[in-house]
Amino acid sequence: MENPRTEQEFLEHVQAGGVVEADDWMPDEYRSRLVKFVEMHANSELMGVLPERDWILRAPTLQRKLALTAKIQDEAGHAQLLYRIVEDLGKPREQSLADLISGRAKFHNVFHYPTVSWGDVGVIAWLVDAAAIISQKALLKTSYAPYARIMKKICWEESFHILHGRDVVLALVTGTAEQREMVQEALTRWWPPLMQFHGTRIPVEEDPTYLWRIKSQANEDARQQFLDGYVPQIWELGLELPDPKLRRRDDGVWEYSEPDWEELRRVVTGHGPATDERIAFRKLNLEETEWVRRVVLAEAA
Amino acid sequence: MPVWEVFRRERPGQPFEHAGSFPAPDATFAEVYARDLYARRNESQALWIVPRDAVVEIEDFPEETDRSYRRVDGYSLKVRLREARERAGSLPG
Amino acid sequence: MSEQARSRADLLLPIADDELIVGWRNSEWTGIAPFLEEDVAFSSIAQNEIGHARVLYELVAEELGTDPDALAFDRAPAESRCAPLVQLQLVPDWGRTIARHYLYETADAVRLEALKASGDAAVAGLAAKIDREEGYHRMHAEMWVDRLAESDEGRERLEAAVDELWPYAVAMLEPELRPALAERIGRDLPSDKLLRVLERGVALPELEELYDEMTMVRRLAPAGRW
């Protein structure tokens, strides 16, 4: 349908696979849900930098140092692309950043946890990015066309992150006993947040972002895809997962212990183990560099 | 801060395609940033950057009277072709 | 060890060590630069520097029969040949960061010019390659210097930072190259007395700390692969 002008027409348009551009008419609810969704994605990329950047200094070889720096650079770049989308929808970047540090805006659960060892670096780059890329591939079909277009660039760049992460893990599992223990411990610790990453098993009919086709995949589908793709790869390395119920049924569906949804809710509403420290870091960083933006903007105005 | 639109050509012979946008204080900053945002992996053979204000957008194309004479769908040869073939006796059967 | 090998190590290790440490210092801004577009650009510069350190270490490692990672990480801080200029931790001060970036890139350009004229073909060739990539760094540094200088606040901060870091930058170069740097920057050379305490071989407390953290993972499995 060309140019939907009512909420009903718009809904039919997106549900039939129609796309929406930045200056098309859109219902207020679509716009506000879209802003919230993309902003959360942008915030996640920006906050995702923090758990990992400490390890650039500590990287054990030159190649790892470069790869990790490049990965984090990509994440800053992705945040840039995503905040741009939000800005073109009417919310300036400074406002998004202010909401992030005041706790009004959210970011994904995995970025609220501390990193403890080099094992974490491998597990995050491999499995957290793998979980993310599954959602991101589904977003290639989002109804909002500018978002779909940048997802192409994001997916392309993230593919090297997973290879780098898996390479780090492989080096550890084929290394000394201490290295093997390090990566196993990291995996055991990261598994619960990974299981929570794709969200609750909310059916699509009850998921507003799905109704508007902002999201085009059910949470449980994403999680099943993740398990199907990556559990065999984890097990084949001789690594263990801390879930005795985890198994693949004959019909292809993966069974697992119920994730702690209460933990997810607590973490995502700003009560994760590293949340306060990271938000404080961001806040301080923004304050310390405020003069630069002021000086640059003043002349550019 | 002015916003700059980026167009990139992936390989020689290909057209430039719109790739995204970013804010930058001036043309020098814009050139530096475009290089890193859109070509740090040598994924672009060439880039054009243009201030958003310089882009003229045209989206309104009124077609109220029939202009199908300019298009392929304005020509259906089926009926006349059949008649001509019959006359020339070239119709099978 | 051959004469040529010894002098290659002597010639190139200081530069490699400088590039490694300044590359690290610049990458400290990854994820926290004043704005996101700058974050991505500055991180590329940091990666280039570490990449340059890597190719320089490779050339030296070939001659010494070791590997680049061992040269980068397995020497004690006291053995590092890096200059005090790069040891300074300047995050979160963007003014001082740009001042160092500008001074370092200019000094580096002066020494690369000299290296490109080296009688050692491998060294001259590598210097030319590195110099071509560094053109972009100089453009970036000059861009920021011009931008900051346009406002009173920016100019004040920048001038104070350049005043502070100028002796460090001069001390980074061999004495015969220092006049060229003074000419490019348009400043007088500081006194020898001041320069002596800032020369290569001086390890600031920051360096010891940095090396400790930089090698903490690697030391867990020294013979291991990572």
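1. In this predicted model, strand S1 (residues 3-9) of chain B and S3(B) run antiparallel and are joined by six bridges. One facing pair can be named: B:Phe7 is opposite B:Trp48, a residue of S3(B).

2. The sheet to which these strands belong is open, has three strands in the order S2-S1-S3 (chain B), and is paired antiparallel. Strand S2 (17-23) and strand S3 (46-51) of chain B each have a single partner strand, so they stand at the edges and one side of each lacks a neighbour in the sheet. On average, with direction ignored, neighbouring strands of the sheet are turned by 25 degrees against each other.

3. The crossing of H1(B) and H6(C) is left-handed. H1(B) contributes B:Thr28, B:Phe29 and B:Val32 to the contact, and H6(C) contributes C:Met139, C:His140 and C:Met143. By class, the residues of this contact are four nonpolar, two polar and no charged.

4. The contact of chain C with chain A involves 38 residues from chain C and 36 residues from chain A. On the side of chain C, the elements giving two or more residues are helix H1 (3-27), helix H2 (36-64), helix H3 (68-73), H6, helix H7 (152-172) and helix H10 (205-214). H2(C) supplies the largest share of that side, ten residues.

5. As to composition, the side of chain C that touches chain A has 19 nonpolar, nine polar and ten charged residues.

How values were computed:
Residues are numbered from 1 along each chain as its sequence is written. Chains are lettered from A and ligands numbered from 1 in the order in which they are written. This is a predicted model: local features need pLDDT of at least 70, side-chain atom pairs count only at pLDDT 80 or more; totals for chains, interfaces and linings use all residues. A crossing is left-handed if the near helix is turned anticlockwise from the far one by less than a right angle, and right-handed if clockwise. Helices (H or I, at least four residues) and strands (E, at least two) are DSSP runs, numbered from the N terminus. Two residues are in contact if their C-beta atoms, placed from the backbone, lie within 7 Å. Ala, Val, Leu, Ile, Met, Phe, Trp, Tyr, Cys and Pro count as nonpolar, Asp, Glu, Lys and Arg as charged, and the others, Gly among them, as polar. Two strands pair if DSSP finds at least two bridges between them. Axes are lines fitted to C-alpha atoms, for helices over the stretch in contact, and angles run from 0 to 180 degrees between N-to-C directions.
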